Amino acid sequence: RSVYDGEEHGRFMEKLEARIRNHDREIEKMCNFHYQGFVDSITELLKVRGEAQKLKNQVTDTNRKLQNEGKELIIAMEELKQCRLQQRNISATVDKLTLCLPVLEMYSKLREQMKSKRHYPALKTLEHLEHTYLPQVSHYRFCKIMVDNIPKLREEIKEVSMSDLKDFLESIRKHSDKIGETAMKQAQQQRNLDNIVSQHPRISGGKKSKKEVCASSDLEVKNTSPMSEQDSGILDVEDEDEDEEVPGAQDLVDFSPVYRCLHIYSVLGARETFENYYRKQRRKQARLVLQPPSNMHETLDGYRKYFNQIVGFFVVEDHILHTTQGLVNRAYIDELWEMALSKTIAALRTHSSYCSDPSLVLDLKNLIVLFADTLQGYGFPVNQLFDMLLEIQDQYSETLLKKWSGVFRNILDLDNYSPIPVANEEVYKKIVGQFPFQDAELEKQQFPKKFPFSEFVPKVYNQIKEFIYACLKFSEDLHLSSTEVDDMIRKSTNLLLTRTLSNCLQNVIKRKNVGLTELVQIIINTTHLEKSCKFLEEFITNITNVLPETVHTTKLYGTTTFKDARHAAEEEIYTNLNQKIDQFLQLADYDWMAMEPGSKASDYLVDLIGFLRSTFAVFTHLPGDVDVHSTMSGKVAQTACMSACKHLSTSLMQLLLEAEVRQLTLGALQQFNLDVEECER
């Protein structure tokens, strides 16, 4: 810049030219110094070129030889390369096949399991296939087909297992009565065993208790794996004799279809759907089971089949409750049981009311007790059933009263109303054994002799005892206290005495054409039956072990019954006599205008007095071996005599005062006076 600014350009160029010339001189000097070395180098280089040409020729020759020799090696190497490639491909193929084969094997196994209806194992296989094997080979086309088929297979398994469940439900619906029958047999055996043990405590080690039996059978069913291959249904069991071991109720049923279906639906995430379906179907079946047949009341078998089906239903549900986790729960079971109790009790109330045979009612009661005990053994509350049995007990008493009404009528109709003749000691002891009668005077008499009462006394007494036994039978196994049993028997017996027997006696007394002799005998008979009431009290006390002094003990009203019957008989005697007197008085034919009286009493009056004389002779000839009978017949005779005299005098007065008698003569009055004097005499 200073050169350009100072305008010294020319001068600068000169200096620069001079500088170049100096450098050129120095270069020339140096070249001259090294020229000889350069020439030497060129010479040597020329020599090397010749040697290099020789070497090139040698290398070319060697290369040609090497190429010729290496052709075979190259061919071998190509072959080796191809083999190695094939080997690598084979190895890769083997590896891929190693991954694919388990998938194909699992799929084949799945198909085989589906074919043989092993649905739960098939589902497990499907799970392994989907989550373990298929992801490793998912890029293959056949795997994609399998993946697409998996939902369809799941649905197929679901449908088939549901079909198995439906078959199972249908099967247990049909076989509920068999299951229930077996469970009730078990309960009966257990009760018999308990009775034996209570009588012979040392035998208690002999058999398993019901709880143990149930537990063992539960264990057997629990050990049946859900993988079980068996089909659904009820196992065949031959009918066995009563004394042979009855199979457990659960042993009759193969529950594996339920377990399989439950597991399958659980695995498929549809457990709630399955539970709802199962409960809904079982509710429907419960309603069918609880619907009694219309003719159930006709035979005991009708009731038995009804109970068997109910027991069978709840035995199955109880087992499902204890062997599955949550398929059914206690609330669901309790709800079903409440419904069953109300419907069963309503059905029993309705159908038992049609029953008029006491033996059938008693058998029904025993069946209901067995039904209740069976279900109680499975943990169901049965108090309502026992409460209902107390209602049936009232009905049983009514049917007994109807039956005994016929028995009493038959006894009274067939009786001859005459003292029982005794020809020898054997007959005497037999009658005394049947009826509590003791009389020192009669025992001293020689045979033949007579009891004061007629045959209906011991017969009626024994029938009253039979009635008490019949009442006692119903109270067995009802878990009642002795006091309750005693109270029940006494109330029923009171009804028998005050209503049934009383009505029968009244009917006999009131019937037409009953003779005075019969009426007097009825009075004697009822007196003896009245005295026997204290022995009936003792009889009831002995069988119930409740002392009559107990606060709540009901007293027997037999004394009142027999007193009423006796009074009715006495009244009937007086009424009969008065009716006879009226019949004679209808024959009276007074001539109220007669001028002269007759010489004797009127014929009708003489006949009337003759009839009364013979009638009172009946009272006189009554068995007077015992003072009480003489006194009793004497009192009846005296009262009858007073009643007859009073009635006759009133009737005679009425004859005089009749409206038709407008006037009468002294002669007529004298005749009437003769008749009155005859009566006095």
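Predicted model: local features only at pLDDT ≥ 70, side-chain atom pairs only at ≥ 80, totals over all residues.

Biologist: Okay, so how many residues does helix 14 have, and how far does it reach?

Modeller: Helix 14 covers residues 456-475, which is 20 residues, and it reaches 29 Å from its first C-alpha to its last, close to the 28 Å expected. After helix 14 comes Asp 477, with a positive phi near 65°.

Biologist: Is Ser 454 buried or exposed?

Modeller: Buried, because its relative accessibility is 0% and the cut-off for buried is under 20%.

Biologist: What does its side chain pair with?

Modeller: The side chain of Ser 454 makes a polar contact of 2.7 Å with that of Asp 415. Leaving out residues up to four places away in sequence, Ser 454 also touches others, including Tyr 417, Ile 420, Gln 521 and Asn 525.

Biologist: Switching topic: which residues make the nonpolar surface patch?

Modeller: Tyr 35, Phe 38, Ile 42, Leu 45, Leu 46 and Val 48, for about 630 Å². Ile 42 is in helix 2 (residues 9-115), and it counts as partly exposed because its relative accessibility is 38%.

Biologist: And the chain as a whole, what's in it?

Modeller: There are 21 helices and four strands. Of its 681 residues, 41% count as buried. The chain exposes about 39,800 Å², with carbon and sulfur atoms supplying 52% of that.

Definitions and conventions. Residues numbered from 1 in each chain as written. Heavy atoms only, no water. Helix = DSSP H or I, 4+ residues; strand = E, 2+ residues; numbered from the N terminus. Expected span 1.5 Å × (residues − 1). Patch = residues over 30% accessible without salt bridge, like charges linked within 9 Å, V, L, I, M, F, W, Y side chains within 5 Å. Areas by Shrake-Rupley, 256 points an atom, 1.4 Å probe, with all protein chains shown as cover. Salt bridge = Lys/Arg side-chain N within 4 Å of Asp/Glu carboxyl O. Buried < 20%, exposed > 50% of the residue type's maximum accessible area, 1.4 Å probe, protein only. Polar contact = N/O pair within 3.5 Å; in protein donor to acceptor, adjacent residues only side chain to side chain. Contact = heavy atoms within 4.5 Å.
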